[in-house]
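User: I would like to go through this structure with you. Could you start with the terms we will need?
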Amino acid sequence: MLNVPPQAFPAPSSQQRAAAGGRGKVPLKPGRSLMDWIRLTKSGKDMAGLKGRLIEVTEDELAKHNKKEDCWICIRGFVYNVTPYMEYHPGGEDELMKAAGTDGTDLFDQVHRWVNYESMLKECLVGRMAAKPIAAPKEITSVSEEKKQLNGMLPEKKVLGASSKDLTPSYDWFQTDSLISIVIYTKQKDMNAELVILDCEDKRLRGEIIVDDYSYLLEVDLDHAIQKDMAVNIAEKVGKVEIILKKKDNVHWKILGQPLENHNTFMKRTDRGLFYRKCKLVSKTEVTHDTKLFCLLLPESTHLHIPTGQHVYLKQIIAGTEVVKPYTPVLPFLPLDFQEPYCHDSAYIYLMIKIYSCGLFTQALDHLQIGDCISVSNPEGSFKKSQVQTSEDLFLLAAGTGFTPMVKLLNFALTEVSCLRTVKLIFFNRTEDDILWRNQLEQLALKDERFEVQFILSQPVRDWVGKQGMISSSLLSEFVKRSRKDSKVLICICGPTPFTEQGIQYLKDLGYSQEEVHPFTA
């Protein structure tokens with residue numbers, strides 16, 4: 001559910017991303033679009049209701065403002081008067097009221113932690129939460145403690161707990177006359193390129209290692225300049241990651257560099273802010289009458305492989321406000337030869353995006369010129385390849401651009417999962433003209449006997465001989481069937497919120513368990 005006309009905090013529905021938790025878009029009154037909200041915030045109106053003052057807010061004071069006509073919410077220590085935003089919220093007033101008069105940080109993170117609320121609600125800022133009196137932490141002042149941090153030894157305060165200490169990654173670095181070698185000991189087996197994200201801009205080096213739901217971050221301002229091309233070597237079985245940098249000048253480095261704020265930390269990924277890098281638009285190709293394939297080029301000093309089933313966020317400044325939307329990368333085309341895994345150049349990111357005539361975000365995307373840049377985040381998502389690797393039957397239910405997560409999944413399943421007996425795509429669209437990559441899908445079905453595609457249209461022309469209708473229990477019972485009575489099945493679903501929510505319920509009614517159904521969400 002990816003590409004509805006963009007709304008804002010906390011969460012838009014979209015045609016590629018489906019929310020699994022029951023949230024959906026509610027109809028907004030005329031004049032309550034994102035653009036209308038941006039105009040209102042720039043009108044000079046006193047949105048916070050404090051005539052420009054910022055105040056310190058106690059818990060008791062915050063709790064008083066818990067009504068629709070007087071609603072304050074705290075997010076990460078900052079309090080906002082969201083009363084004027086009620087009618088502009090695409091998820092409806094009731095969603096905002098769940099956090100009325102309270103700290104809504106956890107709820108916000110569950111919904112869409114990626115939304116830049118600071119930008120969207122900056123004119124609604126009331127002030128900071130009053131700090132609770134706590135014992136002052138002991139400061140690290142000794143040179144020896146700082147040296148430990150620079151040499152890759154994690155201070156005790158950044159370790160998750162005694163039981164986690166042995167699993168915490170660490171690093172060391174070495175140099176020759178021309179090279180700097182940074183070695184990260186992840187202490188994880190089966191480390192691979194998708195779990196290593198590396199960026200270097202100017203002299204700022206940022207390396208993130210993904211360890212399940214956690215990540216280890218190395219982030220320093222390098223002591224000297226380096227060349228743009230870097231190398232990453234991964235010893236998968238022992239979990240060692242080596243980053244090789246080329247010195248710009250053959251000088252001896254006394255230290256690797258100055259540690260930045262989150263350097264040498266190991267924490268839950270959801271506790272880290274999203275990191276973006278600027279990517280260059282290198283091509284736009286028409287896929288259907290309203291959908292295009294965008295090709296973005298990563299910076300030369302970036303190592304990023306986006307895992308199957310995960311999405312990225314695109315960030316644009318529109319009318320002075322930062323707007324963020326999620327999209328799932330696809331392949332440049334559907335490979336038809338499955339003798340060996342297809343690997344496209346990882347320097348490029350391909351995004352299939354529906355352009356809405358009144359969509360603020362997608363219109364801005366469509367107006368980008370070749371050579372323009374756009375900010376792209378690190379990947380996120382809960383899908384694991386292991387879900388497919390243990391399955392015998394794979395069913396993909398997609399509506400519109402909800403097809404995009406299925407592209408890499410199809411390629412992975414047909415290439416690398418030998419135990420799969422059947423792979424079936426049930427693809428819902430309005431008309432034939434809306435079907436993405438129809439010819440490629442039909443060719444794939446002819447090429448691989450395991451794969452079957454079924455097109456279902458809700459607004460077909462008279463001569464359409466295929467299936468028609470909307471997602472329903474009867475349609476799913478016809479097409480989603482185990483190849484054997486006890487076969488292990490995985491059903492992936494993605495589309496507009498109502499499509500996904502209805503599909504999940506129909507599948508439950510048909511006897512499929514929660515573990516057998518994976519909705520793609522953002």
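Analyst: Buried means under 20% relative accessible area, exposed means over 50%, and partly exposed lies in between, with a 1.4 Å probe and protein chains only. This is a predicted model: local features need pLDDT of at least 70, side-chain atom pairs count only at pLDDT 80 or more, and totals for chains, interfaces and linings use all residues. Residues are numbered from 1 along each chain as its sequence is written, and side-chain values use heavy atoms, with hydrogens and water left out.

User: Is Cys71 buried or exposed?
Analyst: Cys71 counts as buried because its relative accessibility is 0%. Cys124 is also buried, with a relative accessible area of 0%.

User: How many disulfides are there?
Analyst: The search of the whole structure finds 0 disulfides, a disulfide being a pair of cysteine sulfur atoms within 2.5 Å.

User: What does the protein chain contain in helices and strands?
Analyst: The protein chain has 12 helices and 28 strands. Both are DSSP runs numbered from the N terminus, helices (H or I) of at least four residues and strands (E) of at least two. Of its 522 residues, 50% count as buried.

User: Which residues have the most contacts inside the largest nonpolar core?
Analyst: They are Trp37, Leu121, Leu296, Leu314 and Leu365, in a core of 46 residues. Helix H1 (residues 34-41) gives the most to this core, with 5 residues. A second, separate core of 39 residues includes Leu394, Phe412, Ile435 and Cys492. A nonpolar core here is a set of buried Ala, Val, Leu, Ile, Met, Phe, Trp, Tyr and Cys residues joined through side-chain atoms within 4.5 Å.

User: Turning to Lys424, where does it lie?
Analyst: Lys424 is in strand E24 (residues 422-429). It counts as buried because its relative accessibility is 14%.

User: What does the side chain of Lys424 reach?
Analyst: The side chain of Lys424 reaches the backbone oxygen of Phe479 at 3.0 Å. Leaving aside residues up to four places away in sequence, Lys424 touches Leu394, Phe395, Leu396, Glu452 and Phe479, where contact means heavy atoms within 4.5 Å.

User: Now the sheets. What is the strand order in the open sheet of 5 strands?
Analyst: The order is E1-E5-E4-E3-E2, and the pairing is mixed. Strand E1 (55-57) and strand E2 (66-67) stand at the edges with a single partner strand each, so one side of each is left without a neighbour in the sheet. Two strands pair if DSSP finds at least two bridges between them.

User: How many bridges join E4 and E5?
Analyst: Strand E4 (residues 78-81) and strand E5 (residues 125-129) pair in the antiparallel sense over 3 bridges. The bridge partner of Val79 in E5 is Gly127.

User: And which strand holds Ile353?
Analyst: Ile353 is in strand E21 (residues 348-354), and Ile353 is buried with a relative accessible area of 1%. In E21, 6 of the 7 residues are buried, so this strand is largely enclosed by the rest of the structure.

User: Which strands pair with E21?
Analyst: Strand E16 (residues 291-297) pairs with E21 in the antiparallel sense over 7 bridges, with Leu296 opposite Ile349. Strand E20 (residues 329-330) also pairs with E21 in the antiparallel sense, over 2 bridges, and Pro329 stands opposite Leu351. The C-alpha atoms of Ile353 and Pro329, 24 residues apart along the chain, are separated by 9.8 Å.

Methods: A polar contact is a pair of N or O atoms within 3.5 Å; within protein, one must be able to donate a hydrogen and the other to accept it, and residues adjacent in sequence count only if both atoms are side-chain atoms.
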